Amino acid sequence: RNSNNMKYIRIQPRNVRGNRRIYELQTAVATLAKTAPKTGETSVIDLHSQLHFGDESYFDFYNDDEAFQAQYDQIFYELIVS
């Protein structure tokens, strides 16, 4: 899929409770890979869209050594403010 068309954050309607609509704010994981022509070695980067507010379980996943951090050789954080 072309990364220019990806949606990294979306609001997804879930259900209705009485006269209130319930929505879920979802973040994406984009996996990008590139193979070096000379060596054939493939490098893979996973980009996790994150928000700085949410349910505690959302942050539990990213703070868990086994669930998240053990899956990667290195983890970099970058803050983008607009």
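This is a predicted model: local features need pLDDT of at least 70, side-chain atom pairs count only at pLDDT 80 or more; totals for chains, interfaces and linings use all residues.
Residues are numbered from 1 along each chain as its sequence is written. Local features need pLDDT of at least 70 and side-chain atom pairs count only at pLDDT 80 or more, while totals for chains, interfaces and linings use all residues; side-chain values use heavy atoms, leaving out hydrogens and water.

Let's start with the hairpin. Strand 1 (residues 9-17) and strand 2 (residues 20-27) run antiparallel and are joined by 8 bridges; strands here are DSSP runs of E with at least two residues, helices runs of H or I with at least four, numbered from the N terminus, and two strands pair if DSSP finds at least two bridges between them. Val16 has Arg21 of strand 2 as its bridge partner. The hairpin has 2 residues between the strands, and Gly18 takes a positive phi near 65°.

Now for the surface. Tyr8, Ile9, Ile11, Tyr23, Leu25 and Phe53 make a nonpolar patch of about 620 Å². Strand 1 and strand 2 are the elements that give two or more residues to this patch. Tyr8 comes from the segment before strand 1 and, with a relative accessible area of 32%, is partly exposed (between buried, under 20%, and exposed, over 50%, with a 1.4 Å probe and protein chains only).

A negative patch is formed by Glu56, Asp60, Asp64, Asp65 and Glu66. Patch residues have over 30% relative accessible area and no salt bridge, with like charges joined within 9 Å and nonpolar side chains (Val, Leu, Ile, Met, Phe, Trp, Tyr) within 5 Å; a salt bridge puts a side-chain nitrogen of Lys or Arg within 4 Å of a carboxyl oxygen of Asp or Glu. Asp65 sits in the segment after helix 1 (56-63), and Asp65 counts as exposed because its relative accessibility is 53%.

Key. Accessible areas come from the Shrake-Rupley method with a 1.4 Å probe; for residues, only the protein chains shown count as cover. Lys and Arg count as positive and Asp and Glu as negative; His and the chain ends are not counted. The place of a charge is taken as NZ of Lys, CZ of Arg, CG of Asp or CD of Glu.
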